Amino acid sequence: HLVPLESDTPAQKLKKQRTAKALKSKFRAKQKEAEHSKRQNDWKSFAAGAKGGAGKRKKGLGGGSIFSTEEGVNARVGVI
């Protein structure tokens, strides 16, 4: 019913055009908001999953300091 017809008066045509434009604008705003919410939720789920992952130690590393040296007279630092 928002399509301007030939039989419509100029005032009716203008009103229909404005109404259609307003509806399109609201539709675009809702789409933009939905896209924003989706991206925000994706980021939040990603960030929540990443927390605590960097501080965890892997199994088999011993848990000792990387700067510790061997005990004894022949202990060396920085020699491979």
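Tutor: Lysine 38 and aspartate 42 join their side chains in a salt bridge of 3.2 Å, N to O; the term denotes a side-chain nitrogen of Lys or Arg within 4 Å of a carboxyl oxygen of Asp or Glu. These two residues are separated by about one helical turn because they stand four residues apart in helix H1, helices being DSSP runs (H or I, at least four residues) numbered from the N terminus. Lysine 38 counts as partly exposed at 47% relative accessibility, and aspartate 42 is likewise partly exposed, at 41% relative accessible area. Here buried means under 20% relative accessible area, exposed over 50%, and partly exposed in between (1.4 Å probe, protein chains only).

The structure is a predicted model, in which local features need pLDDT of at least 70, side-chain atom pairs count only at pLDDT 80 or more, and totals for chains, interfaces and linings use all residues. Residues are numbered from 1 along each chain as its sequence is written, and side-chain values use heavy atoms, with hydrogens and water left out.

The structure holds two salt bridges. In the other, the side chains of lysine 16 and aspartate 8 meet at 2.8 Å, N to O. Lysine 16 also lies in helix H1. Its relative accessible area of 18% makes lysine 16 buried, and aspartate 8 is buried too, at 13%. Leaving aside residues up to four places away in sequence, lysine 16 touches His1, Leu2, Val3, Pro4, Leu5 and Asp8, where contact means heavy atoms within 4.5 Å.
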